[in-house]
Amino acid sequence: MKALCIALALAWGVQAQSFEVASIREAVIKTAADKAVRDQVEMTSTGVTVRNASLSFLIQWAWDLKFYQVSGPEWLKTQRFEVQARSAEGTSAKDLRSMMRALLMDRFTMAVHSESKELAVYALMEGKDPKIKKSSGSLPSLRVVNGSFVFENTTMTEFAERLSDFATADRPVVDRTGLVGAYDFQLESMALEMKRGEGSIITAVADLGMQLKATREPVEILIVDRCERTPSAN
């Protein structure tokens, strides 16, 4: 079984490099403040610290996937863990993700495979008069200003990914605009509406002069075939 896990890990880009020291423990939630900190990852040049994260989130982060690209037992989303992992000085973010993949595969005796599945998605399409302008910035940014989401230096692919993460999105959003480069724009009052439990990404995107078309498309999915609920000893 371990040979199978290693082979599958390699197929998904896991490198031989590993953390110098790493511990994975179930998260201990004692206070409301503890519960409020969820799915938090802190990367440095010498390692990774993860707080109160589901294994599903850890898999998403390690394999650089979206939530809808991970399929497995329901407990992957509910059981939560803390990770402390130390690497050599100067380790890149890409290598940290690779090392996390290897760590998860090993400690949880995880077996995975990938396959393409047709999912219900929203295709982000360019409208007749989109209220966006070419950006002159250097770094992507998302801020909340007066209840609106303000995007700066954001590509349409990044915008689609952000829309997928919004609580009001009932399916993933994929970029089908054909627009290249980065743009500045905002979703008027969307942040305020979401705070009230209101609002619709379809309406917000339409107000931006674009559209979301409900369709179905093949999406690459990582399927967790086998995974222990308790990680092996640190």
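Biologist: Which residue in β3 does V41 stand opposite?
Modeller: Heads-up, this is a predicted model: local features need pLDDT of at least 70, side-chain atom pairs count only at pLDDT 80 or more, and totals for chains, interfaces and linings use all residues. Residues are numbered from 1 along each chain as its sequence is written, and side-chain values use heavy atoms, with hydrogens and water left out. Strands β2 and β3 (residues 47-54) pair in the antiparallel sense over five bridges, where pairing needs at least two DSSP bridges and strands are DSSP runs of E, at least two residues, numbered from the N terminus. In that pairing, the residue opposite V41 is V50.

Biologist: Which are the edge strands of the open sheet?
Modeller: Four strands line up as β1-β5-β3-β2, with antiparallel pairing.

Biologist: At what angle does α3 run to β3?
Modeller: Helices are DSSP runs of H or I, at least four residues. Angles run from 0 to 180 degrees between N-to-C directions, using axes fitted to C-alpha atoms, for helices over the stretch in contact (heavy atoms within 4.5 Å). Helix α3 (residues 55-63) lies across β2, β3 and β5 (80-86), and its angle to β3 is about 145°.

Biologist: Why do the buried residues of α6 line one face, and within what arc do they fall?
Modeller: In helix α6 (residues 156-165), the buried residues are M156, F159, A160, L163 and S164. The arc is taken from the directions running from the helix axis to the C-beta atoms. Seen down the axis, these residues line one face because they fall within an arc of 145°.

Biologist: And over how many bridges do β6 and β12 pair?
Modeller: β6 (residues 111-126) and β12 (residues 210-226) pair in the antiparallel sense, with V112 opposite V224. β6 also pairs with β10 (residues 173-175), in the parallel sense over three bridges. For β6 and β12, the bridges number 16.

How values were computed:
Buried means under 20% relative accessible area, exposed over 50%, partly exposed in between (1.4 Å probe, protein chains only).
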